Amino acid sequence: MKKWLPNWRILSLFSVMTLFLAGCGKPFLSTLQPVGEVADMQKSLILLSSAIMILVVVVVSIIFVYVVVKFRQRDGEEERIPKQVEGSHKLEITWTVIPILLLLILAVPTVSYTFQLADVKEMEKEETDALVVNVTAHLYWWEFEYPNQEVVTSQDLYVPTDEKVYFNLKASDVKHSFWIPSAGGKMDTNTDNENKFWLEFDSKRVGQAPEELFYGKCAELCGPSHALMDFKVKTLPRDEFDQWIENMKNAEPTAETELAQAGEEIFEQSCITCHAVSADQKGVAPNLTNFGNRQMVAGHKANTPENLADWLEDPETFKPGNKMTGAYDELKPNEIEALVEYLSGLKVE
Ligand code: CUA
């Protein structure tokens, strides 16, 4: 008996942890704190299906306990057999009809929402005012192209608030999955077809995130750095968004200090074959036009000179399995310093 005790302790510890840790989470990456129409619809489906499941579990548990207690074998009545109800039409019909009704209650909003969420007619029109973003997932970074504005960026997705934003999703290498938890469910990115859907960001609610910045994730195991394949979503009112597009189009890489100019030279020898620094070009590596504005280096560490230097010096440790490892000759400390200065200055105001 004694030897079971420690197991019970661990079990209760885990139960308590589950209870408390379930409360951990940030509003800008929680499915349960929706910031737009899509996330609202999906949350209401989560609540409805959970309510139905809880109802079924509670009712079945009560009936189970009642039957076990009421019809248990009592001393002196070992031979007594309770009334047999097999083949009872009344009972058979009851427990067939109830699940059908419950499924109908769940099916009506589910089917209706599924059609509404899959409605991408607007983005498929020849001429459309709707904002379309072509998303390409790569090992382990994200490219965002605004085809109608002819702007390309990466890692930080900029979107206007209070309108439908349509996404064309694909992958360049292996299957990934595009997911902004607070804005809506995930959607796979495949190599051989494009998936389409839309999301919406409500200006009244985006304020709950720091600097209107939401977290996006890769939600499909894609390799050693899958968990580091993050992106950020910056939400802006439509006029500020248009301004951002304009700024991106006009952005030119500048190197103001001498150190930055040295960095620019190194960049043009070692980096430019993969990375573009103007917003009209796609590349095999992230577009860096507004790198200095980004919050993160390589998607997962704060964009500080120290972290950027670590990334340039040893990409493999920083983000295992990435495609930058070995793509350039090893850099000397002074070259890294110059590159950091140059890259940090790539800003779009
Ligand atoms: Cu890409 Cu996981």
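This is a predicted model: local features need pLDDT of at least 70, side-chain atom pairs count only at pLDDT 80 or more; totals for chains, interfaces and linings use all residues.
Residues are numbered from 1 along each chain as its sequence is written, and side-chain values use heavy atoms, with hydrogens and water left out.

**T161.** T161 is buried, at a relative accessible area of 9% (buried is under 20%, with a 1.4 Å probe and protein chains only). I then listed its contacts (heavy atoms within 4.5 Å): beyond neighbours within four places in sequence, T161 meets F201, S203, V206, T235, L236 and P237.

**The sheet.** I traced an open sheet of five strands in the order β4-β10-β9-β6-β7, with mixed pairing (two strands pair if DSSP finds at least two bridges between them). Its edge strands are β4 and β7 (187-189), each pairing on one side only. I looked up β9 (residues 213-218) and β10 (residues 231-236), which pair in the antiparallel sense over four bridges. G216 has F231 in β10 as its bridge partner. Helix α6 (residues 238-250) packs on the sheet and touches β4 and β10, its direction making about 135 degrees with that of β4 (axes are lines fitted to C-alpha atoms, for helices over the stretch in contact, and angles run from 0 to 180 degrees between N-to-C directions).

Terms used: Buried means under 20% relative accessible area, exposed over 50%, partly exposed in between (1.4 Å probe, protein chains only). Helices (H or I, at least four residues) and strands (E, at least two) are DSSP runs, numbered from the N terminus.
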